[in-house]
Amino acid sequence: MKFSTKAIHVGGEPDPSTGAIITPVFQTSTYVQEGIGKHKGYEYSRTGNPTRAALESCIASLEGGKYGLAFSSGSGAMATVMNLLNAGDHVVVGEDVYGGTYRLFTKVLSRYNLEFTFVDSRDPKAVEAAIKPNTKILWMETPTNPLLNLADLQMLTQLAKSRKLISVVDNTFASPYFQQPLALGADIVVHSTTKYMGGHSDVVGGAVVTSNEEYYERIKFHQNAVGAIPGPFDCWLVQRGLKTLAVRMREHEKNAMMVAKFLEGHPAIEKTIYPGLPSHPQHDLAKRQMSGFSGMVSCVIKGGMEKADIFMQNTKLFALAESLGGVESLLCHPASMTHGSIPKAERDARGIVEGMVRLSCGIEDGDDLVADLEQALSKISSTAKVASR
Ligand code: P1T
């Protein structure tokens, strides 16, 4: 079965008791048992729920994995994967990651005697040099949030294997439609399903996929033991989103390409970052390991935060908000919003400068999106003229 068919049919078998074509929202906390140990496969909804099970099998199939697990948020999924570690273990992390991932690792998990080294995951030599005898996980996000840097997944997962590390890839930005980390050698994929998978900015969720039975059993144990599980209606919403993932991703990409090309030629823009542009330093790698470039574009506005603020206040279709991957276009200011939990010196060192704006291109008409950006950028130069009079 191909991607679009799996998205609609896996985990979507008609309900055996009623014939309902859509898996019902099993809004129940528990299940009646016939006798001691005699039940229909479900005992308690933290441990398992049929609506969640349907979603988990669909997500696993879309990532080309054997096992899927759903969580109450991407953060909950990431925290639960980290329960694979024991105190004293070390993790090598690609340095440009979502600010909340950085916060989870440096401000929460580091208190449990887990150690993190952040490296530039574009540079396999730097990654290799960071590995220590107690390193257990290599954590990669690609494309990264918000710089849209890529990690060479084939090369780095091979390195992880040769050093007996568990490789984990946050595939949120690409979605399984454009990138399949397990096929490229990764052990575990994590997602914020809040983003492209849910796709409609109406649910917060997370997911983990793996084909490794041992990792699956251990993460599933912690999913139940720690309890960061999604409610059945949230599972239902994400699964409904998945049905249109393929068509949405094609539109996101088409619009992102239009937006990136427009921004790249605009005099108010210092730099445009999109893996689909030939000017992206890793464009060739993007073509090799992704089947498309997804819907995220970052740019740096000339004149820093002040001008970026004028631009962001004047867009009418692009709404100023955290998050991404929904049908409606959003923009955000990473330095103060999504990556505000990273100290300024580190942000500057990574290139998350004050003038940077991150755009999540929705699936509105591309001409309207470009026109919106054009009129908002024109406000920067018109305020400059007023100020210089
Ligand atoms: O928000 P949550 O569902 O908990 O997912 C966390 C997360 C994990 N990984 C990546 C790559 C992410 O971008 C996120 C969340 N990101 C945002 C809210 C944002 O605006 O970037």
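Let's start with a definition: a residue is buried when its relative accessible area is under 20%, exposed when over 50%, and partly exposed in between, using a 1.4 Å probe and protein chains only. Trp236 has a relative accessible area of 22%, so Trp236 is partly exposed.

Before we go on, what you see is a predicted model, where local features need pLDDT of at least 70, side-chain atom pairs count only at pLDDT 80 or more, and totals for chains, interfaces and linings use all residues. Residues are numbered from 1 along each chain as its sequence is written, and side-chain values use heavy atoms, with hydrogens and water left out.

Now, the rings. How many aromatic pairs does the structure hold? There are nine. Rings of Phe, Tyr and Trp (its six-membered ring) pair if their centres lie within 6.5 Å; planes under 30 degrees apart count as stacked, over 60 as edge-to-face, and the rest as tilted.

One of these pairs is Phe105 with Phe116, stacked at 4.7 Å centre to centre with 10 degrees between the planes. This pair links distant parts of the chain, 11 residues apart: Phe105 sits in helix H4 (residues 99-108) and Phe116 in strand S3 (residues 115-119). Helices (H or I, at least four residues) and strands (E, at least two) are DSSP runs, numbered from the N terminus. Phe105 is buried at 0%, and Phe116 is buried at 14%.

Back to Trp236, whose ring is stacked with Phe233, 5.7 Å centre to centre and 15 degrees between the planes. Both lie in helix H9 (residues 232-242), three residues apart, about one turn of the helix. Phe233 is partly exposed, at 42%.

Finally, look for Phe3, Tyr177 and Phe178: ring pairs link them into a cluster.
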